[in-house]
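Visitor: Could you walk me through this one? I'd like to start with how the chains meet and then look at a single residue.

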2 protein chains.
Amino acid sequence: MTRGQFLATLAIAPFARGTSPGIDAQRLRRRLEELSVHGRPDGGTFADGVSRVAFSDADIAGRALVMRWMREARLDPRIDAAGNIFGRRAGTDSKLEPVLFGSHIDSVPNGGNFDGDLGVLAALEAIETLNATAATTKRPLEVVVWSNEEGVAFNNGIYGSRAVAGLLDPGELDQVWNGVVKRDAIRKIGGAPDRIETARRAPGSFHAYLELHIEQGGTLERAGTPIGVVEGIVAIDRYDVDIRGFANHAGTTPMPERKDALLAAAELTVAVNEIVRGEPGRQVGTVGHLEVSPNAPNVIAGNAKLTVELRDLSGEKIAKLGDAIGQRARKIATATQTSLEMRRASHHDSAIADPALQSAIEQAAARLNFKTQRLPSGAGHDAQSMAHLGRMAMIFVPSVAGISHSPKELTHWEDCANGAVVLLETVRALAQTA
Amino acid sequence: MTRGQFLATLAIAPFARGTSPGIDAQRLRRRLEELSVHGRPDGGTFADGVSRVAFSDADIAGRALVMRWMREARLDPRIDAAGNIFGRRAGTDSKLEPVLFGSHIDSVPNGGNFDGDLGVLAALEAIETLNATAATTKRPLEVVVWSNEEGVAFNNGIYGSRAVAGLLDPGELDQVWNGVVKRDAIRKIGGAPDRIETARRAPGSFHAYLELHIEQGGTLERAGTPIGVVEGIVAIDRYDVDIRGFANHAGTTPMPERKDALLAAAELTVAVNEIVRGEPGRQVGTVGHLEVSPNAPNVIAGNAKLTVELRDLSGEKIAKLGDAIGQRARKIATATQTSLEMRRASHHDSAIADPALQSAIEQAAARLNFKTQRLPSGAGHDAQSMAHLGRMAMIFVPSVAGISHSPKELTHWEDCANGAVVLLETVRALAQTA
């Protein structure tokens, strides 16, 4: 057991050499369990995961609980016009920009209890630990709970932090989802959609943005590394592919006469995998959605729609992969006598973590004797919005078997606590520095 | 224009050399158009096709209209216990077994106006033509309108003729579809499910069974051949494949760690096409149905289900193809780290058309100066039930572009009439012979 791990297992551990306070690992666990009740399936347990979709009653109840804990930590929470929750702890120099850190508590349907929740509750734990020892920091500290990170509601993710970064789409507040207008949903959680502009923060209005999050992939667990240092959040290109063949009788249409849209879709799916794996690197490519029409065993498919999603830290790399897939798609269309349309439906730039902040995390972890490893984030996070306003970095902790967005999502309590002490140590170091 | 084609275009054409009466092509067309009204989409025309699913109100109305025409042709229709309609025209030797011929008038949803209807109305046309010239035949003639050939209702095809051949499944009459029990559906069309056994006919109880039908494939049209002589109805094997991978985040799961059920399904779909086309012959293989779960662009598919359907006149050949596909499936499962279960869900034997009857059709067509071509039927037909009781054969006419089970299904009026005169000529020849 390293010193950091030892500290993490102690309740309100004493300062070690005056530099690295431990956190209350038992309280962190208890709060993760208490928060998990809001959105838990009827009759379920912690292991049954959570459905705490943004703007739902469960989300509102979870936010109320977190705000109660913020008040207990003397953070005096306020809800901005977009529905994000902020709480501030004063520094000794009120002219300095704060260190901002936090995450989100909304979930996907049938999600897990660690995605987002850990980053919020670890942030509170950092404040509580400083409070318990009456420690001061030079810079103010600011904890944030972002609204609707997952974007299940309104099919449009990372909403709250985008509002703060001034990245909302035109007309976004008039979106309708499940019969509810987004403006009304924002009001429901205490926001003020009619003055949404007031939620924006100026570039440079924080010293650094930090976020602790579960990895949601299996890299750290496989490597046995307790702390991941995120190099950046990947760029994402999504393509919609529409294949038109001709629906015909599966018994009476000879093989050479067919215009089989499903066969074309299958060949393209295989090609995406080949092309993405065909060169070195950590890029990923996924066909996750495929719709077939008429989708009957005895009818040759007349139509197929599928999505191709490509991710890498390099936007240029996935653009090239997209081109290569497009070229292959045209060959497949010719060979299968189908017509095929492939268009880029969305593009998200990558967000690179600040190198100095990455080093700050590594140094904090080193002081606590944690091994670290740099890795990209394949998933999107609120940190990518904050990259538009200033420096950001993220701390990852291992996800068992890389599972996420599932009730089976699991990060061991010890790893949760490890992440929290590294967050605290990094925040403390950044907040001491001018 | 051949002599047969010429005769087919005349209304009640005179006997030519006393052997080959023409049929009333105008009346055949008019009746196809009149029957098409029952099940036509609201506000539609003939070109909009028909939805005359068995046991529906449209089916009942269509049956009533056909029975009216049968009475006009002095066929005195009777409904058997299974709901099939039979009408008999006496021969000069009442001890001889009849020549049985007909088809069905039920359709798939959004089907066409020729599949089945042509065979029934051409059979009536044959009787009308004999009546008009007061021609006698040695053998009795019997026209049949089979119930629920398509099997859309109760997902279980070729029902009426299976009842006659004693091929119903145990408990089949207790099937429930759309909230209706099959017994009640049979009563609705005038059948008597409680004495369904009385619908059975003895082996050898007909001299021959003939059925005129549209090809539903493009072979005849491409070859420019007006009359097809069916060699047999193909055997069909259907396999259900269930692939279990692991649903995971499309951004955070490295390519080598994935257990992508959709990728496995795509590789199998490509393999089915390769294996089926990999050897000479007219066999066909189709993946027409594919379901993906959770089917989201940003989630690696955890589960995929698909069907593989194989058809050929040789049941042995498709059994071997199924084995080869199964072997490939196991390799794909290993390579994609998925588990894959493939099981044969159904098997239908092939039904071989009687060689002497095939020759009789060819000779009749030759007398009328029609070119013919032998071909397999890739689709199922009531004739395959009749093959269990005696000799059967089928006459095919061209389907434009091979389209069927679609409002775009089309057989030119001239081809309809050509088929009808060949049917009449064949029936006449078979009924004269002892």
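Predicted model: local features only at pLDDT ≥ 70, side-chain atom pairs only at ≥ 80, totals over all residues.

Visitor: OK, how many residues of each chain are in contact?

Guide: On the chain A side there are 55 residues in contact with 55 residues of chain B.

Visitor: And what's the area buried between chain A and chain B?

Guide: The buried area comes to about 4300 Å², with carbon and sulfur atoms giving 58% of that figure. Of the area that chain A buries against chain B, 15% is supplied by Thr252(A), Met255(A) and Pro297(A), which is more than any other three residues supply.

Visitor: How many salt bridges between chain A and chain B?

Guide: The count is two salt bridges, and in a salt bridge between the chains the side chain of Arg222(A) meets that of Glu257(B) at 3.5 Å, N to O.

Visitor: Which element gives the largest share of the side of chain A that touches chain B?

Guide: That is α8(A), from which nine residues of this side come. By class, the side of chain A that touches chain B is made up of 21 nonpolar, 23 polar and 11 charged residues.

Visitor: Switching topic: where does His207(B) lie?

Guide: His207(B) sits in the loop that runs between α6 (182–188) and β7 (208–214) of chain B, and its side chain is joined to that of Arg139(B) by a polar contact of 3.1 Å.

Visitor: Does it count as buried or exposed, and why?

Guide: His207(B) counts as buried, because its relative accessibility is 17%, and buried means under 20%.

Terms used: Residues numbered from 1 in each chain as written. Chains lettered and ligands numbered in written order. Heavy atoms only, no water. Contact = heavy atoms within 4.5 Å. Buried area = accessible area lost by both parts, 1.4 Å probe. Salt bridge = Lys/Arg side-chain N within 4 Å of Asp/Glu carboxyl O. Helix = DSSP H or I, 4+ residues; strand = E, 2+ residues; numbered from the N terminus. Nonpolar A, V, L, I, M, F, W, Y, C, P; charged D, E, K, R; others polar. Buried < 20%, exposed > 50% of the residue type's maximum accessible area, 1.4 Å probe, protein only. Polar contact = N/O pair within 3.5 Å; in protein donor to acceptor, adjacent residues only side chain to side chain.
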